[in-house]
Amino acid sequence: MYFSLRRFLRLTLSAAVAAPILFASPSLGAADAPAAQSGQPPANAHAAPPEVKRSELAHKVLADGLRLNALAGPGLEPWHIKIEYQMLDSSTGKPDSGTVEQWTSRPLRWKRTYVSAEPAFNGSQWNVSRITRFQSKSRDNGFRHHLLTLRITRPVIDPLYQAANIKPDYQMQIQMVTTGGLKLVCVSVVHPERYAPKTDPNFLFPTYCFDTGLHLHLVVAGSTTVQFEDLQPFQNRTVAHKVTVIERGRLISQMTITTLETWSPPDNGFLSPPSNAILQPYTIEPGQPQPVPVYQVAASIPILDGGRVFRGAVSVPVIIRKDGSVKIAEGAPFSQYQALEDAMSNAISRWKYQPYTVDGTPVDVSYQIPYVVDGKPFVPVYDLPKPQPGDFSTAYDFRRDPAQDLATAETEAQQQHKRILLEVGGDWCYWCHQLDDFFKSNPDVTKLRADNFIFVKVNMGPTNTNATFLSQFPQIPGYPWIFVLDANGKLLKSQDTDHLNNGRAYQTKPITEFLTAWKPGGPGEQAAK
C-alpha cells in the first residue's frame with residue numbers, strides 16, 4: 001500500500017501540472033489587450049476571462065463535494081460509527097493501535113470515545129453545542145485528543161474541514177488527472193500565499209481531488225496527504241471506509257470503518273457529559289476570525305548556548321480568557337530551549353486580546369500565538385503600518401475591500417447629497433479601458449458624473465472576483481457593468497454598458513442621458529417607482 005500510494009501521488013501531481021481542464025472560452029491574447037485602441041474591439045471583450053470561469057467552476061466543484069462527501073454538516077439522521085486505527089506517534093516514534101467510536105444525534109451534538117493500550121490515547125469527549133465541549137478527566141500524562149482528532153477522526157468523518165478557509169473571492173483552479181484508469185478532478189487555490197502570508201498556505205488551503213461523480217479520493221495539505229478508498233454510500237453521502245494519512249513520505253495513520261449505521265438516540269442521557277467531565281476552551285475552526293490583540297510587549301530573547309542567536313518563529317500555545325487576558329497553556333514545552341520558553345511565557349502572559357465571541361457570547365479560546373524572532377525590534381501587531389486607503393475611483397485594485405469602499409462612499413454621498421456609481425470591471429477588460437478613455441476625453445461628462453455621484457470601481461478578475469460582495473447585486477453578464485445606488489446603498493439601477501456604445505466606441509449622448517436620468521432628483525428614480 002505504501003509504495004503504491006507514493007506512486008499514485010507522484011503520477012497525480014505531475015499529471016495535474018500537465019493536464020489543466022480546457023474550456024471553450026478563448027484565452028486572452030494580444031487582441032484582448034487594453035492597449036488595442038483602434039479597429040474593432042475583440043468579440044469577447046465584455047466576457048469574463050477564462051481564469052475567472054475556471055475559478056467559478058472550481059468553487060462549484062468544491063461546494064458540491066462538501067455536500068456529497070463524509071459525515072459532517074446537516075441533512076443526516078443520527079448515526080454511529082466505529083473505527084479501528086493504527087497510528088505512528090510523531091512525538092515518540094512509537095506505533096499505536098486502537099478504536100474510536102462516535103454517536104451523533106445532530107450536528108455539534110455527539111459523544112466520542114477512544115480506546116487504546118497507550119494511556120494518553122484513552123478518553124472521551126462530549127460536544128454539547130457550538131461553544132461547549134467536555135472531555136474526560138485527564139490522566140497523569142494527559143489525554144492527547146488534539147492529535148487523535150487531527151490524525152484519526154477528522155480524516156474519516158470530516159476530511160474537507162479545511163475548505164472553510166477558502167473564501168468565495170479566492171481565485172481557484174481546476175485540473176483533470178488520470179491515473180490507473182481513474183479520472184480525478186482536482187481543485188486548489190491559485191497562489192495561496194496571497195491569502196495567508198504569515199503561515200503555511202498549502203496547509204490552510206488543501207488540494208481536493210474528486211472522481212467524476214464528485215466522490216473524494218485525495219486531499220493534499222502541505223506535507224500531509226490523505227487517500228480515501230473503499231467508498232460506500234451512507235444515507236445521502238459517500239464515506240470512505242479506508243483512509244490513509246501520509247506525512248513527509250511516512251505512513252502516519254490508517255483507519256478502517258468497521259461499523260457505520262443509522263442510530264436511535266436513547267432517552268437516558270447517553271450523550272450528556274458526566275459531572276466530573278472537564279469543560280474545554282473553544283477551538284477556533286477553519287474560516288473563523290482570529291483573535292485581535294490590543295496590548296503586546298516584547299520578549300527579552302536570551303542568547304543561546306555558544307553565543308548563538310535564535311532566529312525563526314515560535315508557536316506558543318495559550319488560552320485567551322473571556323476577558324481577553326492570556327494564560328500559557330499547560331502541556332508539552334513549545335520549544336527545545338527552556339530559556340527561550342521562559343522568556344516567551346513571561347512576555348505573552350502579559351498580552352491582552354479583545355474578548356473572543358462566538359454567536360455574541362464571550363468564550364475561553366485555545367490559540368497558538370506565532371512569535372517571530374528575526375533580529376528586528378518587536379512591533380505590536382496594532383502598530384504595524386496599515387495600507388493607505390487611496391482613491392477607490394481610479395483603478396480596479398484586487399487588494400481593495402469593496403465593502404469598506406462602499407461604506408465610505410455612502411458616508412460621502414450622504415454628506416454631499418449624491419448618488420453612488422459602482423463600476424464593476426477589471427484591467428483585463430477591453431471595454432473597461434475604453435470607458436476610462438471616454439471620460440478622460442470628455443471633461444463635461446466627467447464633471448456631470450463628479451457633481452452627482454460618488455464613483456467607486458470594483459475589481460472582478462482572476463486575482464479576486466469579489467464574489468461575496470457582488471452576490472448582493474443582480475447577476476452580471478458582461479463588463480464593465482454599472483450599479484446606481486442611493487446614498488444609503490440601496491440599488492436603483494443595474495446598467496449594461498453595451499447600451500452606452502455603438503459597438504466601436506462609447507457615445508456622449510447615451511452616457512449623458514444615463515447620468516442625467518439617475519442623478520439625485522432625476523427622472524430615472526421616478527420611472528423606477
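## Disulfide pairing

When the bonded cysteines of the protein are numbered in sequence order, the pairing reads 1-2, 3-4, a disulfide being a pair of cysteine sulfur atoms within 2.5 Å. The structure is a predicted model, in which local features need pLDDT of at least 70 and side-chain atom pairs count only at pLDDT 80 or more, while totals for chains, interfaces and linings use all residues. Residues are numbered from 1 along each chain as its sequence is written, and side-chain values use heavy atoms, with hydrogens and water left out.

The structure holds two disulfides. One of them joins cysteine 186 to cysteine 209, with an S to S distance of 2.1 Å, and this link is right-handed, with 110° about the S-S bond. Cysteine 186 lies in strand β7 (residues 182-189) and cysteine 209 in strand β8 (residues 207-211), so the pair ties together parts that are 23 residues apart in sequence; helices (H or I, at least four residues) and strands (E, at least two) are DSSP runs, numbered from the N terminus. Both cysteine 186 and cysteine 209 are buried, where buried means under 20% relative accessible area, exposed over 50%, and partly exposed in between (1.4 Å probe, protein chains only).

In the other disulfide, formed by cysteine 429 and cysteine 432, the sulfur atoms are 2.5 Å apart. The link of cysteine 429 and cysteine 432 is right-handed, with 85° about the S-S bond. Cysteine 429 is buried, with a relative accessible area of 0%, and cysteine 432 likewise counts as buried at 0% relative accessibility.

Seven of the seven residues of β22 (residues 419-425) are buried, so the strand is largely enclosed by the rest of the structure.

Strand β22 is joined to strand β23 (residues 453-459) by seven bridges, and the two run parallel; strands pair if DSSP finds at least two bridges between them. Within this pairing, leucine 421 stands opposite phenylalanine 455 of β23. Strand β24 (residues 481-485) is joined to β22 by five bridges and runs antiparallel to it, with leucine 485 of β24 as the bridge partner of isoleucine 420.

## Packing of helix α7

Helix α7 (residues 430-441) and helix α10 (residues 508-518) have axes that come within 12 Å and cross at roughly 85°; axes are lines fitted to C-alpha atoms, for helices over the stretch in contact, and angles run from 0 to 180 degrees between N-to-C directions. The two helices α7 and α10 are therefore roughly perpendicular to each other, given that angles under 35 degrees count as roughly parallel, over 145 as roughly antiparallel, 65 to 115 as roughly perpendicular and the rest as oblique. Their contact (heavy atoms within 4.5 Å) is made by Leu435, Phe438 and Phe439 of α7 and by Thr508, Ile511 and Leu515 of α10. By class, the contact of α7 with α10 has five nonpolar residues, one polar and no charged, where Ala, Val, Leu, Ile, Met, Phe, Trp, Tyr, Cys and Pro count as nonpolar, Asp, Glu, Lys and Arg as charged, and the others, Gly among them, as polar.

Helix α7 also packs against helix α8 (residues 443-452), at an angle of about 100° and with the axes 5 Å apart. Helices α7 and α8 are therefore roughly perpendicular to each other. Here the contact is made by Phe438, Phe439 and Ser441 of α7 and by Pro443, Val445, Thr446 and Arg449 of α8, which by class gives four nonpolar, two polar and one charged residues.

## Backbone features in loops

Most residues other than glycine have a negative phi, and most peptide bonds are trans. The peptide bond from tyrosine 479 to proline 480 is cis, with omega near -5°, and proline 480 is placed in the loop between α9 (467-470) and β24.

Glutamine 235, in the loop between β10 (224-234) and β11 (237-247), has a positive phi near 50° and counts as partly exposed at 33% relative accessibility. Histidine 417, in the loop between α6 (402-416) and β22, has a positive phi near 55° and is exposed, with a relative accessible area of 67%.
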